[in-house]
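Here is a short report to read beside the model. Please keep the sequence and the 3D view open.

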Amino acid sequence: MAVGEVLAWQEQLRRQKTVSTAAGGYQIIYPTLSRLVRKYGIDPKRQFDAALQDHLARLLLAGCGPRPSPRHTKAHPRFGNCLASIWASLPRTAGPRQGYSAQHGIAGNKALTTPAVMLAVLAGEAMAPHRLRPARPASPVTIRPRHTKRLAFDAVRIADANAAMRRSLSNDQLTPSVHKWASDPYAGE
């Protein structure tokens with residue numbers, strides 16, 4: 001879909017009073033996407049593809065200011081709270097609602113990790129795999145790494161994740177993409 005088509009789809013969902021207008025890999029909601037399009041002059045005819053979504057995510061990150069160095073740990077809670085204000089699955093890392101999503105309870109949102117894990121990642125600390133697991137069951141998509149070399153934070157290579165998604169798509173195990181939905185897929189949750 002083009003950006004303009006995504007915005008039109010999100011507007012339609014808002015008129016239908018659906019719970020969420022989140023779209024794309026970063027789950028960008030209508031007010032955020034429309035603000036980014038206006039502020040940065042993004043062409044509505046441009047494809048809402050992975051490259052543009054990555055670009056939009058970087059623009060959102062830039063709004064938090066420069067990422068603090070791993071050694072500058074006093075800045076990590078502020079930066080973590082900013083990230084939590086952008087992505088609902090991240091916890092607030094400081095303050096009275098520490099540990100909760102900034103959007104906790106809205107459309108079923110909740111933090112899917114802990115402030116300690118977020119702060120450790122911002123500090124560049126190596127994490128044991130069991131500490132990185134989300135609080136909910138993992139997706140049924142199986143990712144088989146091609147390489148045995150460990151990455152920082154036991155990260156999954158993008159190529160391995162893409163291959164797993166292609167396998168799932170070919171087996172009809174993957175949820176249809178956003179352009180196939182006639183209404184908000186999250187409205188029933």
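## After helix 1

Which residue with a positive phi follows helix 1? That residue is Lys17, with phi near 60°. The model is predicted, and the values below are computed from it.

## Helix 1: length

Helix 1 covers residues 3-15. Its 13 residues, at 1.5 Å a residue, should span 18 Å. The end C-alpha atoms lie 18 Å apart, so expectation and model agree.

## Helix 1: buried side

Six names make up the buried set of helix 1: Val3, Val6, Leu7, Trp9, Gln10 and Leu13. Around the axis they cover an arc of only 160°, so they sit on the same side of helix 1.

What do these buried residues pack against? Their partners are helix 2 (30-40) and helix 3.

## The disulfide

The count of disulfides is one. Cys64 and Cys82 form the link, with an S to S distance of 2.0 Å. The cut-off for such a pair is 2.5 Å, so this pair qualifies. The angle about the S-S bond is -85°, and the link is left-handed.

What does the link tie together? Cys64 lies in the loop between helix 3 (50-62) and helix 4 (76-86). Cys82 belongs to helix 4. The pair therefore ties together parts that are 18 residues apart in sequence.

Are the two cysteines, Cys64 and Cys82, buried or exposed? Cys64 is buried, and Cys82 is buried too.

Definitions and conventions
Residues are numbered from 1 along each chain as its sequence is written. This is a predicted model: local features need pLDDT of at least 70, side-chain atom pairs count only at pLDDT 80 or more; totals for chains, interfaces and linings use all residues. Side-chain values use heavy atoms; hydrogens and water are left out. Helices (H or I, at least four residues) and strands (E, at least two) are DSSP runs, numbered from the N terminus. Buried means under 20% relative accessible area, exposed over 50%, partly exposed in between (1.4 Å probe, protein chains only). The expected span of a helix is 1.5 Å times one less than its number of residues. The arc is that of the directions from the helix axis to the C-beta atoms. Contact means heavy atoms within 4.5 Å.
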